[in-house]
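Subject: A structure to look at, with notes

Dear colleague,

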Amino acid sequence: METLIEQIGTFLMGLFALAQGGFDGVNQVTGLIIALIAALMMPTWRSLWGTAAGATLAHILVGVMRPVLDGGAFVLPDIMTGEFWMTALALFLGYAVVIAVFFFIKTLLPGVSPRRTRAAH
């Protein structure tokens, strides 16, 4: 039984380290701008995971296109490696946290969040 608890603890520590690495990747100017735009476009809490996935995709696309805009060559990321997918998962978790914080702040501001109205029947 102790082995199972140790394995769960190790898994959770690894997941926390992955989320922390993703948060560090998001906590840059580009990532914060993407997260802010995503939070402003997000309609409800239910769409947090989809919005975080879209923000992760936007982050990867910006990473691919930035060297091209600087005059470099167009190079696609190597999506067949585990490192790419671990980085994408870390970014996804980081974006989920940052977008949730921004959306929470958005819900507190009057006039920014759309008001829900009941339909008259």
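In what order do the elements of the protein chain run from the N terminus on? They run α-α-α-α, and the chain accordingly has 4 helices and 0 strands, where helices (H or I, at least four residues) and strands (E, at least two) are DSSP runs numbered from the N terminus.

Before going further, please keep in mind that this is a predicted model, in which local features need pLDDT of at least 70 and side-chain atom pairs count only at pLDDT 80 or more, while totals for chains, interfaces and linings use all residues. Residues are numbered from 1 along each chain as its sequence is written, and side-chain values use heavy atoms, with hydrogens and water left out.

The chain as a whole

Of the 121 residues of the protein chain, 24% count as buried; buried means under 20% relative accessible area, exposed means over 50%, and partly exposed lies in between (1.4 Å probe, protein chains only). The chain exposes about 8900 Å², of which carbon and sulfur atoms supply 70%, and such areas come from the Shrake-Rupley method with a 1.4 Å probe, where for residues only the protein chains shown count as cover. If one takes the contacts (heavy atoms within 4.5 Å) between residues at least 6 apart in sequence, 79% of them join residues at least 24 apart.

Helix α3

Helix α3 covers residues 48-69, and its 22 residues reach 30 Å from first C-alpha to last, close to the 32 Å expected at 1.5 Å a residue; the expected span is 1.5 Å times one less than the number of residues. Its buried residues are Leu48, Thr51, Ala52, Ala55, Thr56, His59 and Val64.

Thr51 counts as buried at 16% relative accessibility, and, leaving aside neighbours within four places in sequence, Thr51 is in contact with Ala38, Met42 and Ile99. Ala55 counts as buried at 3%, and, with residues up to four places away not counted, Ala55 touches Ile34, Ala38, Tyr95 and Ile99. Ala55 and Leu91 are 36 residues apart in sequence, yet their C-alpha atoms are 8.8 Å apart in space. Just after α3, Gly71 takes a positive phi of about 95 degrees.

Helix α4

A nonpolar surface patch of about 670 Å² is made by Trp45, Val97, Val101, Phe104, Ile105, Leu108 and Leu109. Such patches are made of residues with over 30% relative accessible area and no salt bridge, like charges being joined within 9 Å and nonpolar side chains (Val, Leu, Ile, Met, Phe, Trp, Tyr) within 5 Å, and a salt bridge is a side-chain nitrogen of Lys or Arg within 4 Å of a carboxyl oxygen of Asp or Glu. Leu109 is found in the segment after α4 and is partly exposed, with a relative accessible area of 43%.

Aromatic pairs

The structure holds 3 aromatic pairs; rings of Phe, Tyr and Trp (its six-membered ring) pair if their centres lie within 6.5 Å, and planes under 30 degrees apart count as stacked, over 60 as edge-to-face and the rest as tilted. Trp49 and Phe92 form a tilted pair, 5.9 Å centre to centre with 35 degrees between the planes. Because Trp49 lies in α3 and Phe92 in α4, this pair ties together parts that are 43 residues apart in sequence. The rings of Phe84 and Trp85 have their centres 5.0 Å apart and their planes at 85 degrees, so that pair is edge-to-face. Phe84 is buried, at 16%, whereas Trp85 is exposed, at 51%.
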